[in-house]
Amino acid sequence: MSSYIMDLRKLVGHRPLLQVGASVIVVDAQNRVLLQLRSDNHCWGYAGGSVELDEVVEDAAKRELLEETGLIADKLELFGVFSGADTHYIYPNGDEVSNVDIVYICRRYHGTLKPQADEVDELRFFAPNEIPENISQPIRKALKAWVEQNR
């Protein structure tokens, strides 16, 4: 979690916050998507997190990708901006957010897959027709859009 969001949480507790996220859907040469099994809610999702104050959104997406997966993005393509009631989320600890998720596609990357110890239990590539059922709620809209484009 970003230090900015943590600082706000000290002031507002669990009340809803507007949270701007930067996320990356990594796609390999076989058109499979990289998903991570999250440690907090035990659901699958893609790499992403909160944008820090004054941080360039694309830089935040690259940072989150590296932190959570060990991969370095060589090129990002803007996929879409996802928001609304279906991206509203309450974390297992009770923190509530209304997400605005700026999602990129990354097909060119390098590095070695390494899950972030305190946030990610597993990293795995999935074909569009093999996406698991237990997808983390706030990213379902974006992931569904990617799957529909890649069937």
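This is a predicted model: local features need pLDDT of at least 70, side-chain atom pairs count only at pLDDT 80 or more; totals for chains, interfaces and linings use all residues.
Where does K114 lie? K114 sits in the loop between β7 and β8.

The chain holds three helices and eight strands. Along the sequence, their order follows the pattern α-β-β-β-β-α-β-β-β-β-α. The radius of gyration is 15 Å, close to the 15 Å that the globule rule gives for 151 residues, so the chain is as compact as a globular protein of that length. Taken along the principal axes, the C-alpha atoms fill a box of roughly 45 × 30 × 25 Å.

How much of the chain counts as buried? The share is 45% of the 151 residues. The accessible surface comes to about 8,000 Å². Carbon and sulfur atoms account for 52% of that surface. Contacts across the sequence are the next topic. Among contacts between residues at least 6 apart in sequence, 73% join residues at least 24 apart. As for charge, the chain has 16 positive and 24 negative side chains. The centres of the two sets lie 4 Å apart.

Now turn to strand β1, residues 17-26. Eight of its 10 residues are buried, so β1 is largely enclosed by the rest of the structure. Which strands pair with β1? One is β7, residues 96-111. β1 and β7 run parallel and are joined by 10 bridges. Another is β4, residues 47-50. Here the pairing is antiparallel, over four bridges. S23 shows both pairings. This residue stands opposite V103 in β7, and S23 also stands opposite G48 in β4. Strands of a sheet pair through backbone hydrogen bonds, either parallel or antiparallel.

L17 belongs to β1. Is L17 buried or exposed? L17 has a relative accessible area of 12%, under the 20% cut-off, and is therefore buried. Its contacts, leaving out residues up to four places away in sequence, are I5, L8, R9, V12, E96, V97 and S98. Helix α1 spans residues 3-12, and β7 spans residues 96-111. The C-alpha atoms of L17 and E96 are separated by 6.5 Å. Along the chain, these two residues are 79 apart.

K10 is found in helix α1. K10 counts as exposed, at 69% relative accessibility. The C-alpha atoms of K10 and L66 are separated by 27 Å. That pair is 56 residues apart along the chain.

Next comes a sheet of another make-up. In what order do the strands of the open three-stranded sheet stand? The order is β3-β2-β8, with antiparallel pairing. β3 (44-45) and β8 (120-126) stand at the edges, each with a single partner strand, so one side of each is left without a neighbour in the sheet. Strand β2 covers residues 33-38. Two bridges join β2 to β3 in the antiparallel sense. Q36 stands opposite G45 in β3.

Back to K114, in the loop between β7 and β8. With a relative accessible area of 59%, K114 is exposed. K114 still touches E68, T69, G70 and L123, not counting residues up to four places away in sequence. The C-alpha atoms of K114 and E68 are separated by 7.5 Å. Along the chain, K114 and E68 are 46 residues apart.

Two further loops deserve a look for their backbone angles. Most residues other than glycine have a negative phi, and most peptide bonds are trans. N31 has a positive phi, near 60°. N31 lies in the loop between β1 and β2. N31 is partly exposed, with a relative accessible area of 26%. D54 also has a positive phi, near 65°. At 84% relative accessibility, D54 counts as exposed.

Technical notes
Residues are numbered from 1 along each chain as its sequence is written. Side-chain values use heavy atoms; hydrogens and water are left out. Two strands pair if DSSP finds at least two bridges between them. The radius of gyration is taken over C-alpha atoms; the globule rule is 2.2 Å times the number of residues to the power 0.38. Buried means under 20% relative accessible area, exposed over 50%, partly exposed in between (1.4 Å probe, protein chains only). Contact means heavy atoms within 4.5 Å. Accessible areas come from the Shrake-Rupley method with a 1.4 Å probe; for residues, only the protein chains shown count as cover. Lys and Arg count as positive and Asp and Glu as negative; His and the chain ends are not counted. The place of a charge is taken as NZ of Lys, CZ of Arg, CG of Asp or CD of Glu.
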